[in-house]
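I opened this entry to record what I looked up, step by step.

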Amino acid sequence: MKILLIRPPYVIPKTSVYGNKGVPSLGLAYLSAALKSENHDVECMDAYAEDMDCFTAVDSAELLSNGLTTEKIVERIPHDVQMIGISCMFSNEWINTSRVIKAIHAKFPTVFLVLGGEHVTADYEYILKNYNEVNCCILGEGEEKIKNLARQLHAGVKDLSLIEGITFLDKSTDSIITTEFPYRIKNINEIKTPDWESLSIRKFLDKGYGFSMQGRRTIPMLLSRGCPYRCTFCSNEKMWTTKWVSRDIDHVVDEIKKYIHLYRIEHIDFYDLTAVVNRNWTLAFCKRMIEENLQVTWALPSGTRSETLDFEVLSRLHQSGCTKITYAPETGSKILSKKIKKNVNPVSYT
């Protein structure tokens, strides 16, 4: 199939123009690699990367869309595209992403539109009932599900109820249906390496844009997927479930070496939900990084738990090149910690 994957522009407050530095779309890179593994003709459009210095007002709100305008996004869509996948990771972006969806459907009314990402997983019922332009949503981890969707559409399947791993609105009954499919991939080491060649990765590298580091050639990666905790304010449980799985250390190191060779990277941002869960795995990874001496630094900018960050672990993190960790304390109150299911006893960490 001819498939286009789109990350719409960022949506930012007008006051954030000068402080906004975008990051590459790791999710799209994974999805593109998955689809290409089945020989689909895949293109990616990172609307932010394609016009980083373009800012467009979003309606009458004090917001700006940062990236390609909606008109330019539509103009760049191949005329022979058969399926378009649109990512929406954050709820603040929906105000603009919804406009992009409507504009695409207006010009390509017969093209199959599928949505995915954290916001979509959290709010799919509202999306499907209010946006008829959307054919279906993919909830949670997307690689195997989007592969199956493309496979079935290519085979000519029209009845969405026969396609596993999707969520759609049955218009005859006005009910939302989610078809059966394994929610998580069992062996994350079998997931294809992100397809950065189809995205504008060099634009980020050359500008020195990164999540935790500015001015260095930074690339995002994952050490693990999932989080075993159930904090009430987090979308993790819906998106990833509470199953935490770490990658094989050899697999991670090989990917780092690949990026050093291809892109001359100097720094890695690990986007893990909670990387430091298994103390032994963390120490083993640090030991391997020290032994390899790859001359790259790395960080955990997304936030991590405090329970396993004792003196030995923190020392090894530093020795292995870790420049930053982000604590997520939320509260020092035992009562509030219990209410939000943080599952941390602050008294024991004085």
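**Helix H1 and its surroundings**

I began with what the buried residues of H1 pack against: strand S1 (2-7), strand S3 (41-46), strand S6 (83-87), H5, strand S11 (218-221) and strand S12 (224-225). This is a predicted model, and I read it as such. I then checked the cover along helix H1, residues 26-36, and found nine of its 11 residues buried. The buried set in H1 is Leu 26, Leu 28, Ala 29, Tyr 30, Leu 31, Ser 32, Ala 33, Ala 34 and Leu 35.

**Lys 147 in H5**

H5 was on the H1 packing list, and I went there next. Helix H5 covers residues 143-154, and Lys 147 is part of it. Is Lys 147 buried or exposed? Its relative accessibility is 12%, so Lys 147 counts as buried. I listed its contacts, setting aside neighbours within four places in sequence. They are Ala 34, Leu 35, Ser 37 and Glu 38. Ala 34 and Leu 35 are among the buried residues of H1.

**The chain as a whole**

I stepped back to the overall figures. I counted 11 helices and 16 strands in the chain. The C-alpha trace spans about 60 × 45 × 45 Å along its principal axes. For 350 residues, a compact globule would have a radius of gyration near 20 Å; I read 21 Å for the chain, which agrees. Buried residues make up 53% of the 350.

**Cysteines**

How many disulfides does the structure hold? I found zero. I wanted the reason for Cys 44. The closest cysteine sulfur to that of Cys 44 belongs to Cys 88 and is 17 Å away, too far for a bond. Cys 44 counts as buried, at 16% relative accessibility. Cys 286 is in no disulfide either; the nearest cysteine sulfur, that of Cys 322, is 7.4 Å away. A disulfide would need the two sulfur atoms within 2.5 Å. Cys 286 counts as buried too, at 1% relative accessibility.

**Leu 317**

Leu 317 sits in helix H10, residues 311-319. Its relative accessibility is 3%, so Leu 317 counts as buried. Leu 317 and Ile 77 are 240 residues apart along the chain, and their C-alpha atoms are separated by 44 Å.

**Ile 185**

I turned to a loop, the one between strand S10 (175-178) and helix H6 (201-207), which holds Ile 185. Ile 185 is buried, with a relative accessible area of 13%. Which residues does Ile 185 contact, leaving aside neighbours within four places in sequence? I noted Glu 141, Glu 143, Glu 144, Ile 191 and Arg 225. Glu 141 is 44 residues from Ile 185 along the chain, and their C-alpha atoms are separated by 7.8 Å.

**After H11**

Helix H11 spans 334-339, and Lys 342 is in the segment after it. Lys 342 is buried, at 9% relative accessible area. Outside four places in sequence, I listed its contacts as Cys 231, Arg 305, Ala 328, Glu 330 and Ser 337. Lys 341 lies in the segment after H11 as well. Lys 341 is exposed, with a relative accessible area of 51%.

**Positive phi**

Most residues other than glycine have a negative phi. I noted two residues with a positive value. Phi of Lys 341 is near 60°. Phi of Thr 241 is near 70°. Thr 241 is in the loop between helix H7 (236-240) and strand S13 (245-246). Its relative accessible area is 22%, so Thr 241 is partly exposed.

Terms used. Residues are numbered from 1 along each chain as its sequence is written. This is a predicted model: local features need pLDDT of at least 70, side-chain atom pairs count only at pLDDT 80 or more; totals for chains, interfaces and linings use all residues. Side-chain values use heavy atoms; hydrogens and water are left out. Buried means under 20% relative accessible area, exposed over 50%, partly exposed in between (1.4 Å probe, protein chains only). Helices (H or I, at least four residues) and strands (E, at least two) are DSSP runs, numbered from the N terminus. Contact means heavy atoms within 4.5 Å. The radius of gyration is taken over C-alpha atoms; the globule rule is 2.2 Å times the number of residues to the power 0.38.
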